[in-house]
Amino acid sequence: MYKLAVSLLEMDYRFLDQGLKEIEAAGADYVHIDAMDGAFVPNLGIGPRLIERIRSSTELVFDVHMMVQEPMRLAERMVRAGADVITVHYEACEKIKETLEGIQRMGVKTGIALNPDTAPEVLTEELLRQIDVVHVMTTCPGVEGQTFIPQSLRKIAILRGMLDNIRPGMDLEVDGNITMENVKQAAEAGANILVSGRALVKGNMTENIKRMKAVVEPLERGKLHEVCAWS
Ligand code: ZN
C-alpha cells in the first residue's frame, strides 16, 4: 500500500498545528521528521522538544529519520517525544544490529537508511528480517536544494527484488526530492512510502497531497489486479 510522508522540515513553523491538521485531512499518512546532528550531515534538523510539542496535533505516524552519528545517543528522547518509527543510517552506526535492538526495546518500529553511494547488498538477510522499513536516500542526506539521483531507481528495484525473496510486502521508503514528476517512477521501481517536502508543502498542501495520491493510487489498483489474476 502506498503511503505519503510529508516532510516536516519544509512546513511553515508558524502554523504547524494547523498544517498538520490540514495534511491529515488531505490524506497524508506519515509526518517525516528529519533529525540532524551537524556531524553525520552538515545541517541541523528537528529535535525532540519540537516533536513533543506537536505530537498532540495529529494522529499521523511520526517517522523520525536520524541523520545522526551513533543515533542511539538521541533515540530514547525521540521515542519519549512521540516517534513511532526510528530510522537510522547504516553509515552512522558502528554496530548496527545492536543499535536496532536497543531502539526496538523502546517499543517502536525501526528502519535502516542508505546513502546514495551505499550498495543495497550491505543489507543482509539477517538485517532485513530485523527491521520494519528500508529507507533509500535519493539525494545526499542533509544537504538542501539537490535533485533526485536517477540511478536510485535501479537501487530501489534491486532492494524490492531482495525484499520479495525475503519479506514480500515490506515497506520500502524513498526520501530526497520526490516530486509530482518522479513519484510514479519511484513507486513503479518498488518504493511504497514516498517522502516529499517541497512538492507537497509549497502552495496548496491539500491539493498537492491529493494530486500525488492520484498519481500512485492507480498503481495500487494495478497491483491488486495482478494479485486477482493469480488467484
Ligand atoms: Zn528524511
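Q: What covers the buried residues of helix α3?
A: The cover includes β2, α2, β3, β4 and α4. Buried means under 20% relative accessible area, exposed over 50% and partly exposed in between, with a 1.4 Å probe and protein chains only. Contact means heavy atoms within 4.5 Å. Helices (H or I, at least four residues) and strands (E, at least two) are DSSP runs, numbered from the N terminus.

Q: What kind of model is this, and which pLDDT limits apply?
A: The model is predicted: local features need pLDDT of at least 70, side-chain atom pairs count only at pLDDT 80 or more, and totals for chains, interfaces and linings use all residues. Residues are numbered from 1 along each chain as its sequence is written, and side-chain values use heavy atoms, with hydrogens and water left out.

Q: Back to α3. Which of its residues are buried?
A: In α3 (residues 72–81) they are Ala75, Met78, Val79 and Ala81. Viewed down the axis of α3, these buried residues fall within an arc of 155°, so they line one face of the helix. The arc is that of the directions from the helix axis to the C-beta atoms.

Q: And what sits on the other side of α3?
A: Arg73 and Arg80, which are exposed there. After α3 comes glycine 82, with a positive phi near 130°.

Q: New topic, the metal. Which residues coordinate the zinc ion?
A: His32 (NE2), Asp34 (OD), His65 (ND1) and Asp175 (OD) do, at 2.1 to 2.2 Å. Donors are N, O and S atoms within 2.8 Å of the metal (3.2 Å for Na, K and Ca); water is not among the atoms, so sites may look incomplete.

Q: Why is the arrangement around the zinc ion irregular?
A: Because the 4 donor atoms subtend angles of 88 to 170°. Four donors count as tetrahedral if all angles lie between 85 and 135 degrees; four count as square planar and six as octahedral if opposite donors are over 155 degrees apart and all others between 65 and 115; anything else is irregular.

Q: How are the donor residues spaced in sequence?
A: The spacing is H-x1-D-x30-H-x109-D. Aspartate 34 lies in strand β2 and aspartate 175 in strand β7 (residues 171–175), so this pair ties together parts 141 residues apart in sequence.

Q: Is aspartate 34 buried or exposed?
A: Aspartate 34 counts as buried, because its relative accessibility is 7%. Aspartate 175 also counts as buried, at 8%.

Q: What about the faces of β2, covered or open?
A: Both are covered: Tyr30, His32, Asp34 and Met36 are buried on one side, and Val31, Ile33 and Ala35 on the other.

Q: Which strands pair with β2?
A: β1 (residues 3–7) pairs with β2 in the parallel sense over 3 bridges, and serine 7 has histidine 32 as its bridge partner in β2. The chain gets from β1 to β2 through helix α1 (residues 16–26), in a right-handed β-α-β crossover. Right-handed means that, with the strands pointing away from the viewer, the path from the first strand over the helix to the second runs clockwise. β2 also pairs with β3 (residues 61–67), in the parallel sense over 7 bridges. Two strands pair if DSSP finds at least two bridges between them.

Q: Last one: where is cysteine 93?
A: In the loop between β4 (85–89) and α4 (96–104). Cysteine 93 counts as buried because its relative accessibility is 10%. Leaving aside neighbours within four places in sequence, cysteine 93 is in contact with Glu70, Pro71, Val88 and Thr99.
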